[in-house]
Amino acid sequence: MAVHDDCKLKFLELKAKRTYRSIVFKIEEKQKQVIVEKVGEPTQSYEDFAASLPADECRYAVYDFDFVTAENCQKSRIFFIAWSPDTSRVRSKMIYASSKDRFKRELDGIQVELQATDPTEIGLDVIRSRAS
């Protein structure tokens with residue numbers, strides 16, 4: 001599975017310049033490559049991001065999560081989310097599962113990884129608990 005250069009460029013912009021809040025990646029099965037499907041502006045809320053994931057199709061996503069620690073320090077964590085809803089096609093789930101590790105290696109700087117099959121598994125409370 002090839003990874004389009006745009007994926008790495010956009011991820012670097014999210015990581016280094018904080019140009020985006022999130023990036024959703026999609027596998028183009030015909031071209032056999034991962035592409036950027038959409039990016040979220042820095043002002044995007046987590047709820048907007050979670051709602052932007054398709055209900056019945058797999059995706060990879062990266063989200064830059066800002067939070068405040070118990071010691072009142074402002075921090076952020078970059079989450080990699082492997083979104084694979086139960087209602088998506090079996091073939092699609094297999095393609096995403098088999099290419100996940102290779103794709104993730106292309107994105108240097110992922111701090112937390114989540115695997116999710118329904119929206120409750122990427123709820124804000126889950127993100128908060130995994131961030132700290």
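Student: Which strands does α1 lie across, and at what angle to β3 does it run?
Tutor: Helix α1 lies across β1, β2 (22–28), β3, β4 (59–68) and β5 (74–83), and its direction makes an angle of about 35 degrees with β3. Contact here means heavy atoms within 4.5 Å, and angles, from 0 to 180 degrees, are taken between the N-to-C directions of lines fitted to C-alpha atoms, for helices over the stretch in contact. Helices (H or I, at least four residues) and strands (E, at least two) are DSSP runs numbered from the N terminus.

Student: And what sort of model is this?
Tutor: It is a predicted model, in which local features need pLDDT of at least 70 and side-chain atom pairs count only at pLDDT 80 or more, while totals for chains, interfaces and linings use all residues. Residues are numbered from 1 along each chain as its sequence is written, and side-chain values use heavy atoms, with hydrogens and water left out.

Student: In what order do the strands sit in the sheet?
Tutor: The six strands form an open sheet with mixed pairing, in the order β1-β3-β2-β4-β5-β6. β1 (2–3) and β6 (112–116) are at the edges with a single partner strand each, so one side of each has no neighbour in the sheet. Two strands count as paired if DSSP finds at least two bridges between them.

Student: How do β1 and β3 run, and what stands opposite A2?
Tutor: β1 and β3 run parallel and are joined by two bridges, and the residue in β3 opposite A2 is Q33.

Student: What about β4, how many bridges does it have to β2 and to β5?
Tutor: β4 pairs with β2 over four bridges in the antiparallel sense, with F25 having Y60 of β4 as its bridge partner. Ten bridges join β4 to β5, also in an antiparallel arrangement, and there A61 is partnered by I81 of β5. The hairpin of these two strands has five residues between them, and N72 takes a positive phi near 70 degrees in it.

Student: Why is β4 described as largely enclosed?
Tutor: Because eight of its ten residues are buried, β4 is largely enclosed by the rest of the structure. Buried means under 20% relative accessible area, exposed over 50%, and partly exposed in between, using a 1.4 Å probe and protein chains only. Over the protein chain, buried residues make up 42% of the 132 residues.

Student: Switching to Q44, where is it, and is it buried or exposed?
Tutor: Q44 is in the loop between β3 (33–40) and α2 (46–52), and because its relative accessible area is 18%, Q44 counts as buried.

Student: Which side chain does the Q44 side chain make a polar contact with?
Tutor: The partner is the side chain of S22, at 2.6 Å; a polar contact is a pair of N or O atoms within 3.5 Å, of which, within protein, one must be able to donate a hydrogen and the other to accept it, and residues adjacent in sequence count only if both atoms are side-chain atoms. With neighbours within four places in sequence left aside, Q44 is in contact with R21, S22, F49 and Y63.

Student: Is K17 buried or exposed?
Tutor: K17, found in helix α1 (residues 5–17), counts as exposed because its relative accessibility is 64%.

Student: Last one, what are the spans of the C-alpha trace?
Tutor: Along its principal axes the C-alpha trace of the protein chain spans about 50 × 30 × 25 Å.
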